[in-house]
Amino acid sequence: MQKTILGLCLVTSWAGQTAIAQTTPVETTLYNFKGTTDGANPPGTLIADSKGVLYGTASSGGAKICAGGCGAVFKLTPTKTAWVEKTLLLFKGGADGGVPQAGLIADSAGNLYGTTYQGGTANKGVVFELSPPATGQTLWTETVLYSFATTTTDGANPYAGLTAGPKATLYGTTYNGGLYSNGIAFRLTPPATGKTAWTLTNLHDFKAGRDGAHPFAGVTLDAAGVVYGTTFHGGAACPTISILGCGVVYSLTPPTIAKSPWTAKILHAFKAGATDASLPYAGLIADSTGSLYGTSFNGGTANLGTIYKLAAPAPGKTAWPESILYAFTGTKTDAALPQAGLIANTAGALYGTSTQGGTTNTGTIFKLTPPATGQTTWTASLLNSFTKTQGTGNPRAGLLADTAGTLYGTTYTGGTANVGTVFKLVP
């Protein structure tokens, strides 16, 4: 299974930051959601197939069984004159799942995989597969691979999407559930030959306190099978923001002996204040050295979010030194309160979205460029400030980039019906 993503970043150094600079890329709205059978409020990052067709989820709209609608899976196909939207699945909020909060991944056969926050046998969310129509057919087929039940060994309410692992395994997190009711990290293994049930392995129960709690984000895997992720709460005390803690970055290392526990390690516990990040909604990306990069919703000099780096340990060391690459200020020419993660190009530039900031304080698309040779300062650029003429924005999802560098994404609100859009940005 493969996820459509941009390549790894190559950033290696940091010091300081510069004021954000305005550039003039061109943003185009590809589709305005209506909030009816097409869905509403798309929350997750898009993926694309080899023909440039976009796939994503809507968290509401569609079937009105759920309050505000149970959500949908959609595809958006480019034609010579327009982009054409088609709803592949309308969730009903029952055993089939409901209210997805994350995007999709796809395998080489075109099957789509995702999670829903609600629905399932216990109404605690599901992991689902959506298979394309057979030859001569038109309907996509949904299969629920796993229904969360909120037992002490199970999770509940996955906000995050899935990450593909070796041998068609799926990795993810749940926001709630588990032994301590603070969420889990899990792996789903495909059925053995002749069987039909997928097997859930609970990799870690988050305990709160220093251990972390309530992950919004999914996970990243390295070549050795080590899992990396963030939790929104837990870690160091966060008295001015949340008594539940400012969040952590963690790793989970697979056991060397079968059926032994995975080894959890806290790589960094965020702290409230001007010099650190706090409350990360988003997950992580890694560069070729193994260093990790992410965004935080709060923290930094204005407490409006940051972009941070955890440098991989030096030889013989175990610490992951943290650097704040940029602290958002929330002005009309800057971003604020990012919820989504980052993507990167081969030159090491980082791209992302923010839910607020910009000209009308309704969200932005930003770029962070690494220091030039001999320099230490990263440079931030505002690629787009969502405005009323663009249908406003408040993007919660991250970005997708094609081979030409064009960026694609969704806004959670805005558009002609104020229930979200799909856009592209040509830098």
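I began with C70 and found it buried, at 0% relative accessibility (buried means under 20% relative accessible area, exposed over 50%, partly exposed in between, with a 1.4 Å probe and protein chains only). C66 is buried as well, with a relative accessible area of 12%. A disulfide joins these two, S to S 1.9 Å (a disulfide is a pair of cysteine sulfur atoms within 2.5 Å). I noted 100° about the S-S bond, a right-handed link, and the structure holds 1 disulfide.

A note on the source: this is a predicted model, where local features need pLDDT of at least 70 and side-chain atom pairs count only at pLDDT 80 or more, while totals for chains, interfaces and linings use all residues. Residues are numbered from 1 along each chain as its sequence is written, and side-chain values use heavy atoms, with hydrogens and water left out.

Next I looked up aromatic pairs and got 21 for the whole structure (rings of Phe, Tyr and Trp, its six-membered ring, pair if their centres lie within 6.5 Å; planes under 30 degrees apart count as stacked, over 60 as edge-to-face and the rest as tilted). F91 and F128 have ring centres 5.3 Å apart and planes at 70°, so I logged the pair as edge-to-face. Both F91 and F128 are buried. I also found a cluster of Y117, Y159, Y175, F216, F232, Y281 and F297, linked by ring pairs.

Last, I checked R396: its charged end sits over the ring of Y412, 3.6 Å from the centre (NZ of Lys or CZ of Arg within 6 Å of the ring centre and within 35 degrees of the ring normal).
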